[in-house]
There are 2 protein chains.
Amino acid sequence: MDATDSPIDAALGRAGYRATGARRAVVDLITRRDGHFTAADLVDDAQSRGLRIGRATIFRTLDVLTELRAVERLDLPTGDHAYVACEPAHHHHVICSRCGRSSDADDAGLRAVVRDIERQTGYRIDEHRLELFGLCPDCLARGST
Amino acid sequence: MDATDSPIDAALGRAGYRATGARRAVVDLITRRDGHFTAADLVDDAQSRGLRIGRATIFRTLDVLTELRAVERLDLPTGDHAYVACEPAHHHHVICSRCGRSSDADDAGLRAVVRDIERQTGYRIDEHRLELFGLCPDCLARGST
DNA sequence: CCTGTATTGATACTGAGTATCATCAAGGGG
DNA sequence: CCCCTTGATGATACTCAGTATCAATACAGG
Ligand SMILES: [Mn+2]
Ligand SMILES: [Mn+2]
Ligand SMILES: [Zn+2]
Ligand SMILES: [Zn+2]
């Protein structure tokens, strides 16, 4: 069990990327996070942990991780771009508007809906994105808003 | 039939906004558009038509029109923010990746999917967004990519 | 008309994301 | 295990979307 043995290191290699210190550090920052986060959040995290990671590298690493589908980019209703850690299989996210945590929702029912829309509109649909916003069970219990 | 008689003027009044010259001009620019467009597109349109509309006003008007649901904001896969003209009822958009035109898709099937996800995750879902990308019938006919 | 107030637009500013480029380090071949 | 090639890094400077400010203006309702 080497520090090099991580599913993400493997994915990096498989895709022809180097498993660098900076990338491992960013992945580490991400796993310590709960809920969604922005690039700026990671910059702050790195700062406050005294890590010497360039801002550009954080943006670049997020791009790489998005391509590997280790994270997914969200477009929050506020217009902000955020990310969540993620497994690679296609699925969707239910995002808590209060605490930012998210749960996975599988694609099951949606696939049929998409096929329906293809038939109705005549488009060939290649890609879709579903984002769901609401309150998570914890935040619901704590009193709604 | 007065220049003041437009469904959007009515909607503005109803919501307590004034039907100003600048707003009418922006609405006009939008109706002359085909497919989705960015705020910057409208700034250019205004420029090239010699309209004297401040950049800030274009952003502000797009916000107002979004609130009135006369336009809807899209988050393109590229990360750009774009808009499409829209009727106010809740629905979704199928967007052509080649020409940018979009068709409406109603919410029908999706509603059940959302309810399912609520049950599976325990979240209370207040808002959802579905964006579909692909090729429109015209672009399909013209040869796919 | 007149007037209170929402709106405008010029200007300056913030902050996300990116281009550049000299320096560095990953990692495969010897 | 060490080199060398090449991809990656990070400091810096830059672009550009979106926003705050505020004096001047134009709606709308009376
Ligand atoms: Mn996920
Ligand atoms: Mn529409
Ligand atoms: Zn929550
Ligand atoms: Zn098309």
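This is a predicted model: local features need pLDDT of at least 70, side-chain atom pairs count only at pLDDT 80 or more; totals for chains, interfaces and linings use all residues.
**Exercise 1.** Determine which atoms coordinate the zinc ion (ligand 3) and classify the geometry of the site.

*Solution.* Step 1: the donors are the SG atoms of A:Cys96, A:Cys99, A:Cys136 and A:Cys139, at 2.2 to 2.5 Å. Step 2: the angles among the 4 donor atoms are 100 to 116 degrees. Step 3: four donors count as tetrahedral if all angles lie between 85 and 135 degrees, and the site of the zinc ion (ligand 3) is tetrahedral. For reference, the ideal angle for four tetrahedral donors is 109.5 degrees.

**Exercise 2.** Explain why the pair A:Cys99 and A:Cys139 ties together parts that are apart in sequence, and state how accessible each residue is.

*Solution.* Step 1: the donor residues of the zinc ion (ligand 3) are spaced C-x2-C-x36-C-x2-C. Step 2: A:Cys99 lies in the loop between strand 3 (92–96) and strand 4 (102–105) of chain A, whereas A:Cys139 lies in helix 6 (residues 137–141) of chain A, so the pair joins parts 40 residues apart in sequence. Step 3: A:Cys99 has 28% relative accessibility and counts as partly exposed, while A:Cys139, at 3%, counts as buried.

**Exercise 3.** Characterise the site of the zinc ion (ligand 4).

*Solution.* Step 1: B:Cys96, B:Cys99, B:Cys136 and B:Cys139 each coordinate through SG, at 2.2 to 2.4 Å. Step 2: the arrangement is tetrahedral because the 4 donor atoms subtend angles of 101 to 115 degrees. Step 3: along the chain the donors follow the spacing C-x2-C-x36-C-x2-C. B:Cys96, in strand 3 (residues 92–96) of chain B, and B:Cys136, in the loop between strand 5 (124–135) and helix 6 (137–141) of chain B, link parts 40 residues apart. Both B:Cys96 and B:Cys136 are buried.

**Exercise 4.** Describe the surface near DNA strand D and its polar contacts.

*Solution.* Step 2: a backbone N or O atom of A:Arg52 lies 2.8 Å from a phosphate oxygen, and a side-chain N or O atom of A:Thr57 lies 3.0 Å from a phosphate oxygen. Step 3: a side-chain N or O atom of B:Arg55 is 2.7 Å from a base nitrogen. Step 4: helix 4 of chain B gives the most to this surface, with 3 residues.

**Exercise 5.** Locate A:Arg69 and report its phi.

*Solution.* Step 1: A:Arg69 lies in the loop between helix 4 (55–67) and strand 1 (71–75) of chain A. Step 2: its phi is near 60 degrees, a positive value in a residue other than glycine.

How values were computed. Residues are numbered from 1 along each chain as its sequence is written. Chains are lettered from A and ligands numbered from 1 in the order in which they are written. Side-chain values use heavy atoms; hydrogens and water are left out. Helices (H or I, at least four residues) and strands (E, at least two) are DSSP runs, numbered from the N terminus. Donors are N, O and S atoms within 2.8 Å of the metal (3.2 Å for Na, K and Ca); water is not among the atoms, so sites may look incomplete. Four donors count as tetrahedral if all angles lie between 85 and 135 degrees; four count as square planar and six as octahedral if opposite donors are over 155 degrees apart and all others between 65 and 115; anything else is irregular. Buried means under 20% relative accessible area, exposed over 50%, partly exposed in between (1.4 Å probe, protein chains only). A polar contact is a pair of N or O atoms within 3.5 Å; within protein, one must be able to donate a hydrogen and the other to accept it, and residues adjacent in sequence count only if both atoms are side-chain atoms. Ala, Val, Leu, Ile, Met, Phe, Trp, Tyr, Cys and Pro count as nonpolar, Asp, Glu, Lys and Arg as charged, and the others, Gly among them, as polar.
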